[in-house]
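Please walk through this structure with the sequence at hand. The text below takes it one part at a time.

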Amino acid sequence: MNEIIDSSDTFTSGTVPIPGQGGDEIAAYLARPLAAEPRGGVVVLHHMPGYDEAHKEITRKFAAHGYLAIMPNLHFRDAPGADPDDAAAANRANGGVPDARLVGDVEAAAAYLRGMPNSNGKVGVIGYCSGGRQAFLAACTVDLDAAVDCYGAFVTAHSPDGFPIAVPPIVGLAPELRCPLLGLFGADDKFPAPGETAELSAVLTELGKEFEFHTYEGAGHAFFSTNRPAYRPEAAVSGWARVFDFFGRHLNTP
Amino acid sequence: MCTYHTEFADLEGSAKGKDGWFSVTRAAVYVDHPYHAQLEHSVNIDFTAPELGPAARVAVELTEESARALVAAIEAALAAAPPGLAASPTRAPATP
């Protein structure tokens with residue numbers, strides 16, 4: 001046996017059933033390192049266009065970095081077994097993901113990770129776009145150890161162009177924020193615009209919450225999305241480094 | 001951004017999806033992120049038949065200019081045909 005070759009980064013990934021909010025069985029994408037050493041876990045919240053390949057890739061990225069990672073299919077109930085784009089359309093036609101259902105699904109996903117034999121009991125959440133708002137929601141309502149909001153809009157109630165907002169603001173939950181929060185935003189994003197994230201920052205500072213926000217110049221909404229024209233490599237590479245530094249500090253400590 | 005806003009229209013007609021033709025009963029129209037088009041935002045139209053399941057769907061993702069051109073083309077096509085020619089046979093004819 002060659003002792004120089006280290007296989008401790010081996011992981012397996014695939015779809016598993018988990019009990020979601022209300023005991024509903026939903027599908028989730030699990031990426032699970034095989035090494036026995038205890039480690040932290042990450043719940044990944046996909047964007048509104050769905051439980052897609054890009055976010056499965058993100059889930060695997062966390063496993064490749066040594067985390068237990070799971071992405072619940074937030075649209076499963078709307079279209080069990082359907083293609084992710086069809087499920088996203090069905091979910092939209094049904095009025096979107098209810099906040100209460102999201103909270104229950106994150107609780108279930110976090111419990112699933114904590115129940116794994118190589119879990120250290122710590123679980124964080126990360127969400128993109130609509131999932132960014134949901135990550136903040138989860139951080140205020142679920143027992144989590146760290147949360148990352150990637151360009152989630154409508155945490156506060158801003159609508160600078162006057163168009164109607166179809167989701168309720170959740171900034172009022174900020175006093176309940178239970179864990180450190182990392183926010184990653186684009187300076188060119190209009191939703192959330194820098195003014196909205198600055199307002200949230202002021203609220204969290206006033207409350208004495210542990211958080212750090214970073215706003216990247218030259219980047220807009222969805223700058224992490226490698227398969228979209230919005231992808232901005234410099235912001236994404238730096239953003240990923242911040243994510244792993246943040247989760248490393250909050251999820252991988254004994 | 002995600003707008004979270006959707007407009008609906010009841011439809012009567014047919015559409016051809018990945019499993020062939022089906023009777024379409026509803027359209028969902030929204031401006032939001034596309035699934036496939038290489039645009040940050042698009043005008044998305046889902047022609048669906050919810051009673052047939054989520055896969056009964058024909059989806060299009062258009063730029064704003066394309067969507068307006070499509071609306072104009074539909075209006076122009078209707079204007080170029082005798083009024084009522086494509087009207088629903090199950091509904092009362094329009095009053096002249």
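Predicted model: local features only at pLDDT ≥ 70, side-chain atom pairs only at ≥ 80, totals over all residues.

Local features are described where pLDDT is at least 70.

Start with helix H6 of chain A, residues 233-251. H6(A) has 19 residues. From its first C-alpha to its last it reaches 26 Å, close to the 27 Å expected at 1.5 Å a residue.

Which residues of H6(A) are buried? They are A:Ala235, A:Gly239, A:Val243, A:Phe246, A:Phe247 and A:Leu251. Look down the axis of H6(A): the buried residues fall within an arc of 95°, so they line one face of the helix. The face turned away from that buried side carries exposed residues. These are A:Pro233, A:Glu234, A:Val237, A:Ala241, A:Asp245 and A:Arg249.

What covers the buried residues of H6(A)? The cover includes five strands of chain A: S3 (39-45), S5 (119-128), S6 (146-150), S7 (181-186) and S8 (211-216).

Strand S1, residues 11-19, pairs with S2(A) in the antiparallel sense. Nine bridges join S1(A) and S2(A). One of the bridge pairs can be picked out by name: A:Val16 has A:Ala28, in S2(A), as its partner. The two strands form a hairpin, with five residues between them. In the turn, A:Gly22 has a positive phi of about 70°.

Is A:Tyr29 buried or exposed? A residue counts as buried if 20 or more other C-beta atoms lie within 10 Å of its own. A:Tyr29 has 21 within that distance, so it is buried. Its C-alpha lies 7.2 Å from that of A:Ser13, although A:Tyr29 and A:Ser13 are 16 residues apart along the chain. A:Tyr29 is then in contact with A:Thr15, A:Lys56, A:Thr59, A:Ile70 and A:Met71.

Next come the loops of chain A. In the loop between S6 and S7 lies A:Tyr151. Its phi is positive, about 45°, although A:Tyr151 is not a glycine. A:Tyr151 is buried, with 31 other C-beta atoms within 10 Å. A:Phe154 is also placed in the loop between S6 and S7. A:Phe154 is not a glycine, yet its phi is positive, about 70°. This residue is buried too: A:Phe154 has 24 other C-beta atoms within 10 Å.

Move on to the loop between S7 and helix H5 (194-207) of chain A, where A:Pro192 lies. The peptide bond joining A:Phe191 and A:Pro192 is cis. Its omega is about 10°.

Finally, turn to where the chains meet. How many residues does the contact take from each chain? Chain B gives 18 residues and chain A gives 24 residues. On the side of chain B that touches chain A, the elements that give two or more residues are strands S2 (20-32) and S4 (57-62) of chain B. The largest share of that side, three residues, comes from S2(B). By type, the residues on that side of chain B divide into 10 nonpolar, four polar and four charged.

Terms used. Residues numbered from 1 in each chain as written. Chains lettered and ligands numbered in written order. Contact = placed C-beta atoms within 7 Å. Helix = DSSP H or I, 4+ residues; strand = E, 2+ residues; numbered from the N terminus. Nonpolar A, V, L, I, M, F, W, Y, C, P; charged D, E, K, R; others polar. Expected span 1.5 Å × (residues − 1). Buried ≥ 20, exposed ≤ 12 C-beta atoms within 10 Å, placed from the backbone. Arc of directions from axis to C-beta. Pairing = 2+ DSSP bridges. Lists of a residue's contacts leave out its neighbours within four places in sequence.
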